[in-house]
Amino acid sequence: MSLAWGPWSQDSGMTGTLSDADLQRIARSGMPPLSGEEGVSLFDAALATAEPALLPVRLDLAALRAHGEPQPLLRGLIRTAGRRAAASGTAAASGLAQRLTGLSEAERRAVLLDLVRERIAAVLGHARPETVDPAKAFQDLGFDSLTAIELRNGLGKVTGLRLPATAVFDYPTADALTGHLLAGLFSAEAGAELPLPVPALPPLADDPVVIVGMSCRYPGGVTSPEELWRLVSDGVDAVSGFPADRGWEIEDTYDPDREGAVATRSGGFLYDAGEFDPEFFGMSPREALTTDAQQRLLLETTWEALERAGMDPAALRGSRTGVFAGVMYHDYSQLLAGREFEGYQGSGSAGSVASGRVSYTFGFEGPAVTVDTACSSSLVALHLAAQSLRSGECSLALAGGVTVMATPLTFVEFSRQGGLSEDGRCKAFADAADGVGWAEGAGILVLERLSDARRNGHRVLATVRGSAVNQDGASNGLTAPNGPSQQRVIRQALASAGLSAADVDAVEAHGTGTTLGDPIEAQALLATYGQDRAEDRPLLLGTVKSNIGHAQAAAGVAGVIKMVMAMHHGVLPRTLHVDAPSSHVDWSAGGVELLTEQTAWPEGDGPRRAGVSSFGISGTNAHVILEQLEPEPEPAGEQVEETDDEELVPFVVSGRSPAALRAQAARLASHLDRDPAPRLLDVAYSLATSRSGFHHRAVVLATGRDGLLGSLTAMADGRIEAGVVAEGEARTGKRAFLFSGQGSQRLGMGRELYARFPVFAEAFDAVCSAFGG
């Protein structure tokens, strides 16, 4: 005899690993668990029969009827009720369609979203549908394959749509699923499979790619492009000692012939690389711990770059935004041992996942490409991103690179090869050059086509005028640089930009400070940029590596950020640690001058232009040409007087938590105190339109800078202040307006509102017109 048991209520056997939610789901399906007494009784009844196969289960017929058409095995038990349920499901779907027909699209979406959230709450056992976050992924809400099917079945019954079994995975949030239901209910052929929208690619035209946003992390505590500029313009040396929190076990010897020896104890490090807020990016603490710091930094710098470009990152979900990230270290998983890390190790350290994690977290649907050409990775990523934008593959692109060294292996390798600087500093193009100094960093650029940037009102920082990538080929050694190849990549970049070498004012060099690489690079620059130049306009040569060290996969983008800031300020910073220009280079062979002193950007007939080079140990070379875009002329019209002392302006601040809200207030106050240039009205507009609105929010009303700073400081300190007119946690729900009293309590208050606020006047007139006189 064979018995196919239903679930038992005892916490053992088949039900031993089930959660309360699992048991509730089984009960809702019409098969509640058996008590011990019921199981024993059914076993005795089975023994009393001669049937070879029986199903000792407990059925809840009412729950089964509620599911509509029953499974074929059960139709003999609830056949009539099943047909009624199917009919009622059709009637429910018909009633929903009729209810939605007279509504606007926004109202339809709101009704359907409420319906979806109700079904989600029922399936997951939530007390109220309001607890369901419409933007949160179903997986994060707690869905598995079984609950996904239950949700699909319930929504299919109430809407009348035939939804695929993969609906929850194809449309992974309540918002996305609501959009799919809305399209299905009101498509030309209801119930037909909807084709995925494929936007037409824009034509190739003379529409340059421009940089509209930048963010970064570099040694010396640099957390923004402005801080990087202060570091290089002030001539700061950011190289310092090895980090003490990574468990690096380094032999106490500098002898390169000893195993594990390291020739230096200095470099450029991100000492706070381990700091991360997993909740902000929807990650569990365990997943965050198992995820490489490089991937975490990409998430942080992506968010910051988009906000600095004046974009709300949340508003880009579902857009054709591409991600092109340079990553060259994949060894973080070597540090993770133990079962608590299993399940995430593969994706947490895989370079192939780094760009995909950014796209997944932000909901981008353009290309996601991780580039590993070693030290040229970030410039190759920039080159590919610009090509993708020009071809129309993506409408917006993020390009850059990141490096965090989880182990000291690269220090050991270069010590053995004799290529490491003893003091950890890159003495680029100097006679004292003695090797490379390793560093870490992260940098992200936001790229758009110029026409899109202007249409979207984004500030253009610089133009990517041209770029090129090539390979050394069969050079004099796998990792040895090749001068002719470097010359070719420079000429290719100039040709793609439509420029001559004399049109470029300065080059941010690769310049690692090695005794072989620097002379080869200098000779390539002399043979290209150094020719056919006016005697008073030599090419000016420098490198950020002299300040921070060689940031490897993040080095090229550091050079781009530095040169964009230099074009803006009209100054070229000096290169540090140059005792004298290298005697291994024939500097007389062309017009190239090493920047040993800070120099004003030379003024010429055209815009400021700069080249940026990166050469990978892989043999892949990249060169990018940047150009300062001429500002658009101000539109003719009435000039608005810029004053911050008269208008009462609301400033909206938000954060993920009360502590984050206070921290945002402190950051805003610090920024306004440090930089008095922005108009308060512009600041308020940007806060309201280009920042994500998190659940914890506050509104500050102020008429001047001093009042605003006082209110922000009070809020940051947790003090009550009259200027902070609203503070709390926003919740989902419908908006309502209450006009209390009959008017006699304040004679003329409606008249004053009508006279002072045009929006109120327009709404009042619309309401009055609806009464027909």
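Residues are numbered from 1 along each chain as its sequence is written, and side-chain values use heavy atoms, with hydrogens and water left out. In this predicted model, local features need pLDDT of at least 70 and side-chain atom pairs count only at pLDDT 80 or more, while totals for chains, interfaces and linings use all residues.

**Exercise 1.** Describe how helices H5 and H7 pack.

Solution. Helices (H or I, at least four residues) and strands (E, at least two) are DSSP runs, numbered from the N terminus.
- Step 1. H5 spans residues 105-124 and H7 residues 145-159; their axes lie 10 Å apart at an angle of about 140 degrees. Axes are lines fitted to C-alpha atoms, for helices over the stretch in contact, and angles run from 0 to 180 degrees between N-to-C directions.
- Step 2. That angle makes H5 oblique to H7. Angles under 35 degrees count as roughly parallel, over 145 as roughly antiparallel, 65 to 115 as roughly perpendicular and the rest as oblique.
- Step 3. From H5, Leu 115, Val 116, Arg 119, Ile 120 and Val 123 meet residues of H7 including Glu 150, Leu 151 and Gly 154. Contact means heavy atoms within 4.5 Å.

**Exercise 2.** Determine the relative orientation of H12 and H14.

Solution. 
- Step 1. The axes of H12 (residues 293-308) and H14 (residues 351-362) cross at roughly 45 degrees and come within 9 Å.
- Step 2. The two helices, H12 and H14, are therefore oblique to each other.
- Step 3. Among the residues making the contact are Leu 298 and Trp 303 of H12, and Val 358 and Phe 362 of H14.

**Exercise 3.** Is Tyr 754 buried, partly exposed or exposed, and which residue does its side chain meet in a polar contact?

Solution. 
- Step 1. Tyr 754 belongs to helix H25 (residues 749-756).
- Step 2. Its relative accessibility is 34%, so Tyr 754 counts as partly exposed. Buried means under 20% relative accessible area, exposed over 50%, partly exposed in between (1.4 Å probe, protein chains only).
- Step 3. Leaving aside neighbours within four places in sequence, Tyr 754 contacts Phe 760, Ala 761, Phe 764 and Asp 765.
- Step 4. The side chains of Tyr 754 and Asp 765 make a polar contact at 2.8 Å. A polar contact is a pair of N or O atoms within 3.5 Å; within protein, one must be able to donate a hydrogen and the other to accept it, and residues adjacent in sequence count only if both atoms are side-chain atoms.

**Exercise 4.** Characterise the surroundings of Ser 582.

Solution. 
- Step 1. Ser 582 is located in the loop between strands S13 (571-572) and S14 (592-594).
- Step 2. With a relative accessible area of 6%, Ser 582 is buried.
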